[in-house]
Structure formats: C-alpha cells, structure tokens
Amino acid sequence: MTPLIDLPAEARIVERLQETETIFTLRLQLTAPELAARYRFAPGQFNMLYLPGVGEVPISIVSDPRADLIDHTIRVVGGVTQALARLQTGEVVGLRGPFGRGWPMQAAEGRDLFIVTGGLGCAPSVSAVHAVLARRERYGRVVLLEGVRHCRDLALKSRFAEWLDHPDLEVQLAACEIEPSSDWPWHTGNVLTLFDELELKPERTLAFLCGPEGMMEAAAGKLAERGVNDRAIFLSMERNMQCAQGLCGHCQFGPHFVCRDGPVFDYATARPLLGKRGL
Ligand SMILES: Cc1cc2nc3c(=O)[nH]c(=O)nc-3n(C[C@H](O)[C@H](O)[C@H](O)COP(=O)(O)OP(=O)(O)OC[C@H]3O[C@@H](n4cnc5c(N)ncnc54)[C@H](O)[C@@H]3O)c2cc1C
Ligand code: FES
C-alpha cells in the first residue's frame, strides 16, 4: 500500500532527548501543515528517515498514536544513525511513511497481552502500549517484560518508570549484567528466565515480541511450549531496507518482504525462516 508520504517530506526536530550514551530520541513535526494534519500511523509501523548525501534508515515510531508529534528512538550503529545523532533541535530530516503492517491490536482485544522485548528492540512495541492504555478496558492482563544486556542499556527510562507504577500494567525489567554501584532493583539475568515464573492461560494469551532475533525465537519457543498457539505469537522482524515499498528486495524474508508484508509476522509464518541467512 502506498504510504501517505512516499517521497521524503521535511520534518523538524522539535525536541531531542539523550536516552543513554548511544541512544537518543528525536521528536519530529512535519513542516507542511496539511501533511501534519493527515499523518496517522498504527502501532508497530515505521518511517524511513533521510539525510541528503548520507542515506536513509527505517526507524519504528514510538509515539502515542493519538499524539501530533512523531517520536523516534535511535541507536547509533553506523553512518546514517551517527549523522542523525549529530542533529540538534530546529534542524530538519526527510521522512517517508508510515510503512508496514503493525501489531494486530484488534485481535488482542479481550485477550491477555504479553509483550516481550529486548533492549532498544522494545521500540516497535512502545506505541502498542500507548494504544492499549488509551482503551485499557478492551484488554485482559497486560504484561510487559523488557530485558537489556547491561543495566546501563535501558532506554526510554521515563516511559518505563511511568509504566512500572501503572496499576493496569504488569511490568518486569531484567538485566544480564549489573554494576555493583548501580541502582537496579529489578531482575538480574536474561529476560527469558522471567518466563519460568510467569502464570499464563494459553488460550487467552496473545504475545508481541520484538528485539534480537535469537531472543524472539527463544521467547516464541517458550510460549509455544506453554501451549500458546503459533498464530497468537507475533514477532517484529528487522532486515536491511532501501525502498520500504516491496520493490527492491533488500528486506527479503523467505517469500516475504519485511517492509511490505511485515515487519510484524505471526510465529507460524516466521518460524521456518528465523535465523536463516540468505533467501
Ligand atoms: C522495521 C525496522 C524498524 C527499525 N526500528 C529501529 C528503531 O526504532 N531504532 C533503531 O535504532 N533502529 C531501528 N532499526 C534498525 C535501523 O534501521 C538500523 O540500525 C540502521 O538502518 C543502521 O543504519 P546506519 O547507516 O546507521 O548503519 P549501517 O552502516 O547501515 O550499519 C552498521 C552495522 O549495523 C548492521 N545493521 C544495519 N541495519 C541493521 C539491522 N536492521 N539489524 C541488525 N544489524 C543492522 C550493519 O550490517 C552494519 O554491520 C529498525 C530496522 C527496521 C528494519
Ligand atoms: S526494502 Fe525494498 S523490498 Fe523491502
């Protein structure tokens, strides 16, 4: 499907937050008022952010779907993300989107929702949490498990602080490595170890997973072992992207293109393709 913005449109940075040493959030506003008024996205979708002469990268949208500003939380990895990290409030980027098929929010209604995330891989799930909280009465239990490698790596700290205190959310954080001097009152160990003590009713459960592929594969396996149906487990996949519109083939995932058919796939579809290199 053609997105609202299929050629880069100017978006101004109205706020920049440094989340951790290597992770930052850009809060963007489309400069054309008619585009800003029409821009809508679904939880789990992404935009392509463009810097002329540098390149373009896919980045999940982490805002509340009801908000006017478009938030992106970005880890510095290579050329484009380094250049984005140097931008300051008031500067502009190019933005195309929104792209992709997001989370099945309607299918989650009336079910218990388990969201399992790893590191900044939590980004695609953030707008889903906002959407659930906006219509909280439609969902059963909402459990959010976030794991990071090192306690320093927790991004979106203010959002997690809010959610940890939220009476309608069950939130658990886990870090594999803790510094003795750090203030980490939560679980020490891999996020997957939290599964062992987790109570769940498989027939009521729907799960959203995002993060490193190995972590999603292991989490999906644990949920399936506990009796959750493969079609009730959803994974947000990442692949290198160029066009984001199903034209160039860079994001091929077996017979699918992640940009067009995903990034969210059910486990029944993704299972035979996980961890496979090449086509
Ligand atoms: C649908 C989707 C949503 C994404 N959402 C976010 C987000 O919210 N925040 C965020 O920080 N990043 C996100 N990413 C990843 C982001 O697009 C890449 O980190 C970015 O493209 C790297 O570009 P670069 O020019 O900075 O680095 P490059 O020079 O392109 O890459 C540097 C190194 O990172 C590796 N790399 C590049 N892209 C990826 C990738 N997708 N997965 C694993 N390794 C990669 C390269 O192979 C290379 O080794 C998302 C990716 C996809 C496909
Ligand atoms: S990025 Fe071109 S087909 Fe997906």
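Mentor: Both faces of strand S11 are covered in this predicted model. On one side Thr205, Ala207 and Leu209 are buried, and on the other Leu206, Phe208 and Cys210 are buried as well. In a regular strand, side chains point in turn to one face of the sheet and then to the other. The strand spans residues 205-210, and six of its six residues are buried.

Consider next the strands beside S11. Strand S7 (residues 112-118) runs parallel to S11, and six bridges join the two. Within this pairing, Thr117 stands opposite Cys210 of S11. S11 also pairs with strand S12 (residues 233-236), again in the parallel sense, over four bridges. Here the bridge partner of Leu209 is Leu235 in S12.

S12 in turn pairs with strand S15 in the antiparallel sense, over three bridges. In that pairing Ser236 stands opposite Val264 of S15. These pairings belong to an open sheet of seven strands, ordered S10-S9-S8-S7-S11-S12-S15, with mixed pairing. The edges of the sheet are strand S10 (187-188) and strand S15 (264-266), each of which pairs on one side only.

Phe208 of S11 leads on to the aromatic residues. Together with Trp103 and Phe234, Phe208 forms one aromatic cluster. Phe208 itself is among the buried residues of S11.

A pair of aromatic rings is described by the distance between the centres and the angle between the planes. The count of aromatic pairs in the model comes to seven. One of them joins Tyr39 and Phe41: this pair is tilted, with 6.5 Å centre to centre and 40 degrees between the planes. Both Tyr39 and Phe41 are buried. Phe160 and Trp163 form an aromatic pair that is edge-to-face, at 5.6 Å centre to centre and with 80 degrees between the planes. Phe160 and Trp163 both belong to helix H5 (residues 157-164), where they are three residues apart, about one turn of the helix.

Why does Phe160 count as buried? Its relative accessibility is 2%, and the cut-off for a buried residue is under 20%, so Phe160 falls within that class. Trp163 is likewise buried, because its relative accessible area is 2%.

There remains the ligand. Around ligand 1 there are 19 residues, of which Pro58, Thr73, Arg75, Thr81 and Glu238 come nearest. For Pro58, a backbone N or O atom lies 2.7 Å from an oxygen atom of ligand 1. A backbone N or O atom of Gly78 lies 3.0 Å from an oxygen atom of the ligand. Glu238 contributes a polar side-chain atom, which lies 2.9 Å from a nitrogen atom of ligand 1. On its own, ligand 1 has 890 Å² of accessible area, and the protein covers 67% of this.

To return to the strand with which we began: S11 has its six residues buried, and in the order of the sheet S11 stands between S7 and S12.

How values were computed
Residues numbered from 1 in each chain as written. Chains lettered and ligands numbered in written order. Predicted model: local features only at pLDDT ≥ 70, side-chain atom pairs only at ≥ 80, totals over all residues. Heavy atoms only, no water. Buried < 20%, exposed > 50% of the residue type's maximum accessible area, 1.4 Å probe, protein only. Pairing = 2+ DSSP bridges. Phe/Tyr/Trp six-rings, centres within 6.5 Å; stacked < 30°, edge-to-face > 60°. Near = heavy atom within 4 Å. Polar contact = N/O pair within 3.5 Å; in protein donor to acceptor, adjacent residues only side chain to side chain. Areas by Shrake-Rupley, 256 points an atom, 1.4 Å probe, with all protein chains shown as cover.
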